[in-house]
Amino acid sequence: MTAAEKRPVLVATEVDDITADMVITELNRRSVPVVRLNPADIGADLTVSARFGTCPVPVTGQVRTLSRTTDLAQLRAVYWRRPVWPTFQHLGDDDARFAAAQVRYGLGGTLYALDSALWVNHPLRNAAADYKPAQLAVAQKFGLTVPPTLVTNDPDEARGFIAAHGQVIYKTLRWTPYERDGVPVTGWAEPVTAAEIDDGVRVAPHLFQGRVDKVADLRVLVVGRQVFAVRIDSGLLDWRKDYSALSYTVVDLPDRLGKTLLAYLDHFGLASGSFDLAVDRAGDYWWLELNPNGQWGWLEENTGLKMSVAFADLLTRGDGP
């Protein structure tokens, strides 16, 4: 094995991540060294030591897990999946906030500084691409068809928008953990009427969008320059509500649309992303959103598309910036 082949791939994710497991299994099959870590394990199970300004390269040092010690400068790629940051529940509130910030800006900042490895995706680029209003503006800039959308905390503006567009849905601007009476709930896309708008809208911006007369949804996963498109038929406004009601068809995107989605990811400096589009009765495509770090494992299981192989290919090459 050459020196290049010995360079490991770092996978940062939570403990139970089946999707990451699929990619790691494929990397193991190729004998690519893998180091898996979760920031929540900081302490005896995870140690970082990094030096700056003392060597020819900008960052040098190591991360150590219970089973691996890795030279940061030797990483060929970083797969940033779904890492969990520590909350230090055994500490008082102030100490916990302090310690959590030191981990995020110490461990996180050290990893973020690594610029010789391929990132899939760099978390700061994920964050920049994760704002729905920015997504809408960039989608229109690239010529994608965007549904009429209003972001507002003005109830009168919301009522006027609904009156003008008839069928309107409400969507959250950002998914956040939420419980009602101790039961976890999720903010699905839901129809909304003008009569439902009250002064509670003033508390925070809300996203209202004209409803697309769709016949199906499209989930498009891009990995490097590979494009996987799956049509999802369900009859549901929000297909995430009931996975048992879904049927899947592998489709080919129009060449122009595929190139546009690649250019969209390039705009944000992303190596991968999951796009959601709607297909209307005329067969036209409507922009819905991008999830820079979306789930895809269930699509591979249901379609046989070699998505995990594509990720392993990309991480194995480790084409840095």
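Colleague: On a 1 Å grid over the protein atoms alone, a cavity is a set of points where a 1.4 Å probe fits but cannot get out, and lining residues have an atom within 4 Å of a point. So which residues line the second largest cavity here?

Modeller: They are Lys-132, Gln-135, Leu-136, Lys-171, Leu-207, Gln-209, Trp-287, Leu-288 and Glu-289. Helix α5 and strands β13 and β18 each give two or more residues to that lining. Helices (H or I, at least four residues) and strands (E, at least two) are DSSP runs, numbered from the N terminus. Keep in mind that this is a predicted model: local features need pLDDT of at least 70, side-chain atom pairs count only at pLDDT 80 or more, and totals for chains, interfaces and linings use all residues. Residues are numbered from 1 along each chain as its sequence is written, and side-chain values use heavy atoms, with hydrogens and water left out.

Colleague: Thanks! What volume does that second cavity have?

Modeller: About 50 Å³. A volume is the space filled by probe spheres set on the grid points, which are joined across faces, edges and corners.

Colleague: And how does its lining divide between nonpolar, polar and charged?

Modeller: The lining has 4 nonpolar, 2 polar and 3 charged residues. In this scheme Ala, Val, Leu, Ile, Met, Phe, Trp, Tyr, Cys and Pro count as nonpolar, Asp, Glu, Lys and Arg as charged, and the others, Gly among them, as polar.

Colleague: How many cavities of 30 Å³ or more are there?

Modeller: The count comes to 2. By class, the largest cavity's lining has 6 nonpolar, 6 polar and 1 charged residues.

Colleague: Why would residues three or four places apart point the same way?

Modeller: Because an α-helix has 3.6 residues a turn.

Colleague: New topic: aromatics. How many aromatic pairs does the search find?

Modeller: It finds 15 in the whole structure. The centres of the Trp-80 and Tyr-112 rings are 5.8 Å apart and their planes are at 75°, so that pair is edge-to-face. Trp-80 sits in strand β6 (residues 77–80) and Tyr-112 in helix α3 (residues 93–112), 32 residues apart, linking distant parts of the chain. Rings of Phe, Tyr and Trp (its six-membered ring) pair if their centres lie within 6.5 Å; planes under 30 degrees apart count as stacked, over 60 as edge-to-face and the rest as tilted.

Colleague: Are those two buried or partly exposed?

Modeller: Trp-80 is buried at 6% relative accessibility, while Tyr-112 is partly exposed at 21%. Another edge-to-face pair is Tyr-243 with Trp-298, with centres 5.6 Å apart and planes at 80°. Tyr-243 lies in the loop between β15 and β16 and Trp-298 in helix α8 (residues 297–303), so this pair ties together parts 55 residues apart in sequence.

Colleague: Which residues form the aromatic cluster?

Modeller: Phe-142, Tyr-264, Phe-268, Phe-275 and Trp-287. Trp-287 also lines the second largest cavity.

Colleague: Last one: which way do β14 and β15 run?

Modeller: Strands β14 (residues 214–223) and β15 (residues 226–233) run antiparallel, joined by 7 bridges. Two strands pair if DSSP finds at least two bridges between them. Val-220 stands opposite Ala-229 in β15, and Ala-229 stands opposite Val-251 in β16. Their hairpin has 2 residues between the strands, and Gly-224 there takes a positive phi near 65°.

Colleague: What does Ala-310 touch?

Modeller: Leaving aside neighbours within four places in sequence, Ala-310 is in contact (heavy atoms within 4.5 Å) with Val-223, Gln-226 and Phe-228. Ala-310 lies in helix α9 (residues 307–317) and is buried at 2% relative accessibility.

Terms used
On a 1 Å grid over the protein atoms alone, a cavity is a set of points where a 1.4 Å probe fits but cannot get out, and a pocket is an open set with protein on both sides within 12 Å along at least five of seven lines; lining residues have an atom within 4 Å of a point. Buried means under 20% relative accessible area, exposed over 50%, partly exposed in between (1.4 Å probe, protein chains only).
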